[in-house]
Amino acid sequence: KITLLRSLIGSVAGMFQRRQADFLLVDRCPITYWLSDALLALIRDQPQIKSRSYVRQGICTTSNPRFTRFFWEAPPAGLRRRWYLFAKGGGTPRWAGLNETLVDWELCGSRVKKYQDDTPGAIHWSGRMPDESYMFRPGWTFSRVGRGTLAAREILPTALFCDTSPAAIPYVLEDLPVIGFWLNTRILSYLLRAMTQSLDCREGYVQRLPIPEAMSAGEANDL
């Protein structure tokens, strides 16, 4: 019986054979048995996105109707003083888009932070926001609810990002183009769907995706 089953592997669609040790070499050991050898080597051997960028969910205001506006609702005099561009989720456009929302961030978001401090039972505001050293920096944001599609949009250095639109902020500005390039490839969307249990683009999974440093033409063709 065992000999018969082994003889069918590779000749019957939907049947795969993998050594358990293959998964132990991958971060968090996802059982992605259907991936090709080349794709498995990609997530096993190449550096992860988190090695070159800070990947984090954005600002959770806990009350968007109170602290966010469309850009046509805010007075022009308040732009860049009280109201700042606020990247939110809501679709899968690549490279640019979804820049119609503003957030009240006057005095480093003092109103948002005070509101959360005054809310009974709420966690401290520092647990709902990215590190302030990575705010107002260029990077790439993506909709958390992306239905399995990873689509990155550029964040302007004058903008902030929402908790439903996590971001990858490069440690070094020179890495901005290459991170955006790889985030918008179909390969990373496919690998994300293989590694996560849902169709959401959670920052914890995105930061573990590979970002190849160098790849030969043969290796690229194998993918």
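This is a predicted model: local features need pLDDT of at least 70, side-chain atom pairs count only at pLDDT 80 or more; totals for chains, interfaces and linings use all residues.
Local features were taken at pLDDT of at least 70 and side-chain atom pairs only at pLDDT 80 or more, while totals for chains, interfaces and linings use all residues. Residues are numbered from 1 along each chain as its sequence is written, and side-chain values use heavy atoms, with hydrogens and water left out.

To start inside the protein, the search turned up 1 cavity of 30 Å³ or more. A cavity here is a set of points, on a 1 Å grid over the protein atoms alone, where a 1.4 Å probe fits but cannot get out; its lining residues have an atom within 4 Å of a point. Around it sit L85, F86, A87, N99, T141, E154, I155, L156, A159 and L160. These split into 7 nonpolar, 2 polar and 1 charged, where Ala, Val, Leu, Ile, Met, Phe, Trp, Tyr, Cys and Pro count as nonpolar, Asp, Glu, Lys and Arg as charged, and the others, Gly among them, as polar. Strand 3 (83-87), strand 6 (152-155) and strand 7 (159-161) each give at least two residues to the lining, and strand 3 has the largest share, with 3 residues. Strands (E, at least two residues) and helices (H or I, at least four) are DSSP runs numbered from the N terminus.

Next come the charged pairs. Side chains of opposite charge can pair when their charged atoms come close. With a salt bridge taken as a side-chain nitrogen of Lys or Arg within 4 Å of a carboxyl oxygen of Asp or Glu, the model has 8 salt bridges. One of them joins R52 and D175 at 2.7 Å, N to O. R52 lies in the loop between helix 3 (37-45) and strand 1 (53-56), and D175 in the loop between strand 8 (167-170) and helix 6 (176-183), so this pair ties together parts that are 123 residues apart in sequence. R52 is buried at 17% relative accessibility, and D175 is buried at 15%; buried means under 20% relative accessible area, exposed over 50%, and partly exposed in between (1.4 Å probe, protein chains only).

E132 and K113 also pair up, with their closest N and O atoms 2.7 Å apart. Here E132 sits in the loop between helix 5 and strand 5 (139-142) and K113 in helix 5, so the link spans parts 19 residues apart in sequence. E132 is partly exposed at 41%, whereas K113 is buried at 11%. For R202 and D200, the closest N and O atoms are 3.8 Å apart; R202 is partly exposed at 35%, and so is D200 at 22%. Salt bridges also link R82, D104, E106 and R111 in a network.

Y190 belongs to helix 7 (residues 186-195) and is partly exposed at 33%.

Lastly, the backbone. W95, in the loop between strand 3 and strand 4 (101-104), has a positive phi near 75° and is partly exposed at 45%. C108, in the loop between strand 4 and helix 5 (110-117), has a positive phi near 60° and is partly exposed at 48%.

Methods
On a 1 Å grid over the protein atoms alone, a cavity is a set of points where a 1.4 Å probe fits but cannot get out, and a pocket is an open set with protein on both sides within 12 Å along at least five of seven lines; lining residues have an atom within 4 Å of a point. Grid points are joined across faces, edges and corners, and a volume is the space filled by probe spheres set on the points.
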